[in-house]
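Please consult the sequence and coordinates shown below alongside the text.

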Amino acid sequence: MTVFFIGAGPGAADLLTVRAARIIERAQVCMYAGSIVADDVLALCPEGAEVINTARMPLDTIVETIASAHAQGKDVARLQSGDPAVFSAVAEQARRLTALGIDYEIVPGVPSFAAAAAVLGHELTVPTVAQTVILTRVSGRASAMPEGEDLQTLSASGSATLCIHLAAHDIDRVVGELVEAYGQHCPAAVVAYASRPQEVIVRGQLADIAHRTKEAGIVRTAIIVVGPALGADGFPDSFLYSDDRPRDEHGRTLPCVH
């Protein structure tokens, strides 16, 4: 018996990985985190599977449920939104399963920031404009941010692309902490429910993104994206496409010789 922590992606079932879909389709127990996992993903669970909404379950109860399935020799598909590597609370669960001697496997998924970038139609890294993407959140009910990971510190370069999770409800605060480094006219966007039927996209600048976000009624299940890469134009082509790029006969880049 194995517990599979599955990245269920941003919502759309056809954005699941093939591996994730196959595991869900044969799982005897499927545990999912409430409304952040879409119905069309849950529809892949096989007939007769035990499908459990963990939205209101404390962590100890979740682990007890997994342990019970383990004792019965059942595989468990534990569905996490986006990708388990980012803001998924997998670490706490995995720590407890390890203590109980229960095996687990992590199955990656499409992260929410990637889905947001896709629907915005933008690359988050642009040559000579932004080559760094920062995934972060703000202090709040979930947990405090470590020292040095506040938005003012993370935005100091004024060029990196920030993807801010779990903060749409606090958009005024986000703007207030970013405007000094990025300026009022820095491009910004908020994407809620990326890839789902209820998807909402708000575009603007730091000067007006808070107003636009509140006007759209977005308070949760959203990514805030800020940075000059969103409005970049007139930049040089990537080295990837350069005629000066040294290649072997198969087109692979040759190492630079100094």
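In this predicted model, M31 stands opposite I52, a residue of strand 3. The pairing behind this is that of strand 2 (residues 29-32) with strand 3, which is parallel and comprises four bridges. In general, the strands of a sheet are joined by backbone hydrogen bonds, in either a parallel or an antiparallel arrangement.

- Five strands form an open sheet in the order 3-2-4-1-5, and their pairing is parallel.
- The edge positions are taken by strand 3 (50-53) and strand 5 (104-107); each has a single partner strand, so one side of each lacks a neighbour in the sheet.
- From one strand to the next, the twist averages 20°.

**Helices on the sheet**
- Helix 1 (residues 18-26) lies across strand 1 (3-7), strand 4 (76-80) and strand 5, and runs at about 135° to strand 1.
- Helix 4 (residues 90-100) also packs on the sheet, where it touches strand 1, strand 4 and strand 5.
- The direction of helix 4 makes about 170° with that of strand 1.

**Cysteines**
- The structure contains zero disulfides.
- C163 takes part in no disulfide, as the nearest cysteine sulfur, that of C186, is 12 Å away, whereas a disulfide requires the sulfur atoms to lie within 2.5 Å.
- C186 is likewise in no disulfide, its nearest cysteine sulfur being that of C163 at 12 Å.
- C163 counts as buried because its relative accessibility is 0%, under the 20% limit.
- C186 also counts as buried, because its relative accessibility is 5%.

Key:
Residues numbered from 1 in each chain as written. Predicted model: local features only at pLDDT ≥ 70, side-chain atom pairs only at ≥ 80, totals over all residues. Heavy atoms only, no water. Buried < 20%, exposed > 50% of the residue type's maximum accessible area, 1.4 Å probe, protein only. Pairing = 2+ DSSP bridges. Helix = DSSP H or I, 4+ residues; strand = E, 2+ residues; numbered from the N terminus. Axes fitted to C-alpha atoms, helices over the stretch in contact; angles between N-to-C directions. Contact = heavy atoms within 4.5 Å.
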